[in-house]
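This report concerns one protein model and is written for a reader who is new to structural description. Please look at the sequence and the structure before reading on.

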Amino acid sequence: MRILLLEDEPELAAALMTALGRRDILVDHVCTLADAALMARFETYDVLVFDRRLPDGEGLDLIPALRREKITAPILMLTALGGLQHRVAGLDAGADDYLAKPFAIEELLARLRALQRRSPIVSSEQFTLGNLTLDPRSNEVSIDGRLIDLARREYLVVEALMRRANRIVTRPVLVEAVYSLDDEIESNALDSHISRVRRKFGAGGASVEIRAIRNIGYLLRVKT
Ligand code: CA
């Protein structure tokens with residue numbers, strides 16, 4: 001799961017990124033409405049998590065603008081404004097869920113999972129190519145129905161390739177899929193993820209292959 005976190009309190013943001021990262025949730029963190037609008041337009045997220053009181057305005061005001069642009073990811077408001085009328089205003093403004101601070105991380109996680117389950121885009125998708133199947137709800141990849149064991153970033157590489165199967169996926173697109181904004185990216189890390197995935201595909205008897213397209217990127221297709 002990949003989320004956008006709009007939160008201007010640095011300590012809370014850092015704590016959330018650590019806690020969510022441990023659960024294999026990729027977090028892109030921004031501090032202003034302007035940056036959140038930018039990221040939501042250019043990236044695809046499973047859930048958008050917005051604070052309300054921000055340096056450049058009110059988090060709720062972003063919702064109608066995003067919906068007009070057909071950005072349909074579910075939005076969870078995470079805010080100290082937890083009174084009844086605040087929660088009602090948040091839901092009326094188009095938020096899909098509302099969690100008041102302070103909150104328990106387990107509740108946040110449960111709500112993120114629930115929002116992802118409800119999201120029509122994610123829940124309807126399961127990708128199959130050759131004998132390879134990828135389920136983005138469970139982050140599971142199987143070959144002929146047998147689950148294969150992938151590390152988090154290996155899974156993200158496979159997901160990015162599966163979503164664009166039979167098309168060339170450029171290196172920048174893959175790097176963006178695998179790393180959140182705040183991760184440090186070691187050079188050649190992408191290639192080592194790819195080679196580990198190839199070995200696992202080989203060992204599992206996959207009928208698909210990842211072809212390198214020199215200087216451009218990679219392509220997932222059925223072996224010929
Ligand atoms: Ca705030």
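The model is a predicted one, so local features need pLDDT of at least 70 and side-chain atom pairs count only at pLDDT 80 or more, whereas totals for chains, interfaces and linings use all residues. Numbering starts from 1 along each chain as its sequence is written, and side-chain values use heavy atoms, with hydrogens and water left out.

**Domains**

The protein is assigned domain 1 (2-118) and domain 2 (127-222); such bounds come from an automatic or database domain assignment. Taken over C-alpha atoms, the centres of domain 1 and domain 2 are separated by 28 Å. Across the boundary, 12 residues of domain 1 are in contact with 12 residues of domain 2, where contact means heavy atoms within 4.5 Å.

**The largest pocket**

Rolling a probe the size of a water molecule over the atoms shows where empty space is left. On a 1 Å grid over the protein atoms alone, a pocket is an open set of points where a 1.4 Å probe fits, with protein on both sides within 12 Å along at least five of seven lines; lining residues have an atom within 4 Å of a point. The largest pocket holds about 1000 Å³ of space, a volume being the space filled by probe spheres set on the grid points, which are joined across faces, edges and corners. Its lining has 41 residues, of which Arg2, Thr44, Asp46, Glu159 and Arg163 are the closest to the centre.

Which elements give two or more residues to this lining? They are helix 2 (33-42), helix 5 (105-118), helix 6 (120-123), helix 7 (152-163) and helix 8 (171-178). Helices (H or I, at least four residues) and strands (E, at least two) are DSSP runs numbered from the N terminus. Helix 7 provides the largest share of the lining, 6 residues. Both domain 1 and domain 2 supply at least three residues each.

By class, the lining has 21 nonpolar, 5 polar and 15 charged residues. Here Ala, Val, Leu, Ile, Met, Phe, Trp, Tyr, Cys and Pro count as nonpolar, Asp, Glu, Lys and Arg as charged, and the others, Gly among them, as polar.

**The calcium site**

Asp8 (OD), Asp51 (OD) and Arg53 (O) coordinate the calcium ion at 2.2 to 2.4 Å. Donors are N, O and S atoms within 2.8 Å of the metal (3.2 Å for Na, K and Ca); because water is not among the atoms, sites may look incomplete. The spacing of the donor residues in sequence is D-x42-D-x1-R.

Buried means under 20% relative accessible area, exposed over 50%, and partly exposed in between (1.4 Å probe, protein chains only). The table gives the values for these and other residues.

| Residue | Relative accessible area | Class |
|---|---|---|
| Asp24 | 40% | partly exposed |
| Asn215 | 73% | exposed |
| Ala104 | 44% | partly exposed |

**Local backbone features**

Asp24, in the loop between helix 1 (10-22) and strand 2 (26-30), has a positive phi near 65 degrees although it is not glycine. Asn215 also is not a glycine and has a positive phi of about 65 degrees; its place is the loop between strand 13 (208-213) and strand 14 (217-222).

The peptide bond from Lys101 to Pro102 is cis, with omega near -5 degrees. Pro102 lies in the loop between strand 7 (97-100) and helix 5, and Ala104 is likewise placed between strand 7 and helix 5. From C-alpha to C-alpha, Ala104 and Arg53 are 20 Å apart in space, and 51 residues apart in sequence.
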